[in-house]
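Here are some notes to read with the model open beside you. They go point by point, starting with a term you will need.

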Amino acid sequence: MTKKASVTVSHRRLGREFVRKVKELSGQNLQLCYQCGMCTGNCPAAVNMDVSPRRIIELARLGLEEEIAGSKTVWVCASCLACTVNCPRGFDLSKVMEAIRLLALRKNVDRVRPEDVAPEQRCDLPQIAMVSGLRKFTG
Amino acid sequence: MNLAYYPGCTLKTRARNLEEPAVASMEALGLKLDELPRWNCCGAVYSLAEDDLIHKVAPVRNLIRVRKQGASELVTLCAFCLNTLKRANLLMKGDAEKRDTLNDFIDEGIAYRGEVKVVHLLEVLRDEIGWGILAGKVRLPLRQLRLAPYYGCTLLRPREVAIDNPENPTVLGEFLKALGASPVDFPESTRCCGSYQVMNSPDAITEYARPIFNSASSHGAEALVLTCPLCDYNLGRGQRELAKKQGGFKEMPLFYFTQLLALALGLSPHVCHFELNHGSPESLLREKDLLPRVESVQPIGG
């Protein structure tokens, strides 16, 4: 028996505006991807993701914003660029991940609030962790 | 000869054990690292969004200062700083519209076009000094030390800023050979340590560290060699957690490449600040007879 597709695509759900914004912010041609899965295979964080990196590209180009917003994948990505250097199509997924993060952060909702970091953690973390983390997780 | 040098924030506090041995070693090699008289944080991560120019101001401002003081090359020690400065420089070279906007905004009276060459200290050692000459300056060969070169991400990715082949880097291994050590190849040498995820999901750091340490130790490494203060923090913290959780897991010393350079050049271990390292590197060095005895400093009586 063929497995049922878990995503329903219809013209009513396609977020054209979302696709446009992702393309604009990432500068990437989403249609370049041929879904080979090299990105997922090389991702050291894929094991902690609920939606694989390969699938994020597919959801993004279909404009399925809700599915992406409901997933933790872009927040688990560490921008290590293992996907980027291994993509046979020259597609830069790290820029798409960043675009999706920014579309959420620019609504003025921070993923990490400095005041929520425990004081002992704040003393322990080096500047490089604080600066890079707050750059990636706040708007 | 002097080289314009950009330290970055963490090297002045938590990663003094990366900076101080580098400054002392380069002086011994006759290429003095000349810290920029004025510099600001580079922003740590390079902004990946097309419309985000404000986060490029910080790295570009540093590059303009280098240009203004007449230098043509900028040396970095921190892998994150290298990546951010080098990517910002490429933008200034290749995108005329964004370059003009940034120059207008920064308003330093100079039309910067990406003229400064941003390099990592490993590139200076490889391309300007050479492994043969470096090997000739070694006074304390690091014999019998089996070291795993750990590159992480930012020295090698993306391709356009890589200091070596992103798939098969050899620069750290060649550096270690020049110092007389035995580099240990291991497949996880370019795997991410978790990077800034330590802020969002600190518990995941252990899982990033696990395959790196398992792979290095199963290939016979006695210690890991690093270039990045964030790798140092994440791997140090990761292995401490692993040792608590997993019976039989043995913590491994973490070295910065500059500490090994200073040691091999015969400089005092004081400049290496081993007290800031994770995984007790001094015990390993003592075991291998590689830690010169230093007269302890007597406190001045009152």
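1. First, a term: two residues are in contact if their C-beta atoms, placed from the backbone, lie within 7 Å. Helices (H or I, at least four residues) and strands (E, at least two) are DSSP runs, numbered from the N terminus. With that in hand, look at chain B, where Val57(B), Val60(B), Arg61(B) and Ile64(B) in α2(B) meet Leu102(B), Phe105(B) and Ile106(B) in α4(B). By class, this contact of α2(B) with α4(B) has 6 nonpolar, no polar and 1 charged residues. For the classes, Ala, Val, Leu, Ile, Met, Phe, Trp, Tyr, Cys and Pro count as nonpolar, Asp, Glu, Lys and Arg as charged, and the others, Gly among them, as polar.

2. Some housekeeping: this is a predicted model, in which local features need pLDDT of at least 70 and side-chain atom pairs count only at pLDDT 80 or more, while totals for chains, interfaces and linings use all residues. Residues are numbered from 1 along each chain as its sequence is written, and chains are lettered from A and ligands numbered from 1 in the order in which they are written.

3. How do those two helices cross? The axes of α2 (residues 57-68) and α4 (residues 96-106) of chain B come within 11 Å and cross at roughly 75°. Axes here are lines fitted to C-alpha atoms, for helices over the stretch in contact, and angles run from 0 to 180 degrees between N-to-C directions. α2(B) and α4(B) are therefore roughly perpendicular to each other (65 to 115 degrees counts as that; under 35 is roughly parallel, over 145 roughly antiparallel, and the rest oblique).

4. Now the sheet of chain B: 4 strands form an open, parallel sheet in the order β2-β1-β3-β4. The edges belong to β2 (32-35) and β4 (117-120) of chain B, each with a single partner strand, so one side of each has no neighbour in the sheet. On average, neighbouring strands are turned by 45° against each other, direction ignored. Inside the sheet, β1 (residues 2-6) and β3 (residues 73-76) of chain B pair in the parallel sense over 3 bridges, where pairing takes at least two bridges found by DSSP. Tyr5(B) stands opposite Val75(B) in β3(B).

5. Across β1, β3 and β4 of chain B lies helix α3 (residues 79-94) of chain B, running at about 160° to β4(B). Is α3(B) mostly covered or mostly open? It is mostly covered, with 12 of its 16 residues buried, among them Phe80(B), Leu85(B) and Met92(B). A residue is buried if 20 or more other C-beta atoms lie within 10 Å of its own, exposed if 12 or fewer, and partly exposed in between, with C-beta atoms placed from the backbone.

6. Chain A has 9 helices and 0 strands. Of its 139 residues, 37% count as buried. The C-alpha trace of chain A spans about 55 × 35 × 30 Å along its principal axes.

7. Finally, the interface, which takes 32 residues from chain A and 32 residues from chain B. On the chain A side, α9(A) gives the largest share, 9 residues. By class, that side has 17 nonpolar, 9 polar and 6 charged residues.

8. One crossing between the chains deserves a look: the axes of α9 (residues 127-137) of chain A and α10 (residues 229-245) of chain B come within 8 Å and cross at roughly 100°. α9(A) and α10(B) are therefore roughly perpendicular to each other. Here Ile128(A), Ala129(A) and Ser132(A) meet Pro229(B), Leu230(B) and Tyr233(B).
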